[in-house]
Amino acid sequence: MALQEINLALLAKWWWRFKNEKDGMWRKIVWAIHHLDRSWSFIPAKVSIPGPWKYIVNINKELLKYGLDLSKRIGKEVVLGDGMDRLVWDFEDNEGFSVRSLIRDLDELKPHDENYVMEWNNWVPKKVGIHAWRVEMGCIPILLELLKRGIVVTKAVCPICEEELESTEHLVISCQFAQTLWSVISSRCKVSSIFAFSVKDLLDLHRFSYFPKRKAKAFNAVCLTTIWCIWRARNALVFEGKQININNVVGEIKALTFLWVKNRGKNRSLTWEEWRGFNFML
Ligand SMILES: [Zn+2]
């Protein structure tokens with residue numbers, strides 16, 4: 001199962017919600033910001049405004065590659081017995097939108113993209129690199145993955161925030177815990193705000209960091225270790241009931257990466273002070 005499909009399906013849900021939750025405050029805000037008087041489009045979007053909404057709107061281009069047009073899928077209006085118009089999700093069952101069924105359909109429509117080659121970083125232990133690679137491939141036993149494989153899980157919500165379905169992207173990117181962690185990482189490493197939509201984006205962050213080559217590799221080590229530590233914290237919570245403490249996780253990432261970058265990267269002169277401020281030349 002490629003993560004791309006899960007990601008697209010989760011984002012497609014916002015199209016569905018936009019069309020259905022007419023009274024939602026978030027929808028009114030999106031409408032106020034993105035609506036253009038002179039243009040009609042299925043979902044409003046001002047191309048000049050970057051951000052998550054533009055990204056959500058653009059997923060239709062990705063879905064078209066699968067031969068699936070969201071504006072046609074959702075655009076069917078029916079009149080129900082009570083005389084109310086309602087939108088239906090134009091799939092086989094004509095019921096409401098379901099992330100799960102969309103993932104299943106996308107999975108069938110397109111062979112997995114196996115072309116992505118993760119850059120291997122030997123400054124972190126193999127287990128950390130392999131873990132990131134498995135996360136990218138959607139191969140970690142996360143609740144949504146188990147659900148898709150037909151394994152019965154009693155609770156599919158994220159064990160950390162208990163608000164969203166636990167997907168790989170949710171856990172390492174959009175969960176409040178992950179977001180806070182990435183914002184701490186970005187300010188500590190002095191890079192612009194980390195804005196990722198897929199695990200692949202996180203694995204490629206260093207390529208757009210403008211750091212010299214070895215410093216970019218050190219930054220990549222931080223990103224890989226962050227993914228590793230998110231998983232460890234999640235497991236400690238699920239299996240040992242250990243509450244997550246963001247400061248402890250940040251401390252763990254800092255200490256582990258210092259040790260690894262200094263020793264495994266053979267950067268012997270790197271000091272803790274330099275590492276703490278991410279202020280060094282390698
Ligand atoms: Zn969460």
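For crossing angles I call under 35 degrees roughly parallel, over 145 roughly antiparallel, 65 to 115 roughly perpendicular, and the rest oblique. Axes are lines fitted to C-alpha atoms, for helices over the stretch in contact, with angles running from 0 to 180 degrees between N-to-C directions.

Ground rules first. I am working on a predicted model, where local features need pLDDT of at least 70 and side-chain atom pairs count only at pLDDT 80 or more, while totals for chains, interfaces and linings use all residues. Residues are numbered from 1 along each chain as its sequence is written.

**Overview.** I find 13 helices and two strands in the protein chain; these are DSSP runs numbered from the N terminus (helices H or I, at least four residues; strands E, at least two). Of the 282 residues, 31% are buried (20 or more other C-beta atoms within 10 Å; exposed is 12 or fewer, partly exposed in between, with C-beta atoms placed from the backbone).

**Helix 11 and helix 12.** I looked up how helix 11 meets helix 12 (residues 246-263): the axes come within 9 Å and cross at roughly 135°. The two are therefore oblique to each other. On the helix 11 side, the contact (C-beta atoms, placed from the backbone, within 7 Å) includes Ala218, Val222 and Thr226, and on the helix 12 side it includes Ile253, Leu256 and Trp260. I get 10 nonpolar, three polar and one charged residue in this contact (nonpolar: Ala, Val, Leu, Ile, Met, Phe, Trp, Tyr, Cys, Pro; charged: Asp, Glu, Lys, Arg; polar: the others, Gly among them).

**Helix 9 and helix 11.** Next I checked helix 9 (residues 176-188) against helix 11 (residues 213-240), and their axes come within 11 Å, crossing at roughly 155°. That makes helix 9 roughly antiparallel to helix 11. Ala178, Leu181 and Ile185 of helix 9 meet Val222, Thr226 and Ile230 of helix 11. The classes here are five nonpolar, one polar and no charged residues.

**Leu202.** Buried or exposed, I wondered about Leu202? Leu202 is buried, with 24 other C-beta atoms within 10 Å, and its place is in helix 10 (residues 199-204). Leaving out residues up to four places away in sequence, I see Leu202 touching Val172, Ala196, Cys223 and Ile227. Ile227 is 25 residues from Leu202 along the chain, with 8.8 Å between their C-alpha atoms.

**Met137.** I found Met137 in the loop between helix 6 (126-136) and helix 7 (143-148). Met137 counts as partly exposed, because it has 17 C-beta neighbours inside 10 Å.

Technical notes: Two residues are in contact if their C-beta atoms, placed from the backbone, lie within 7 Å.
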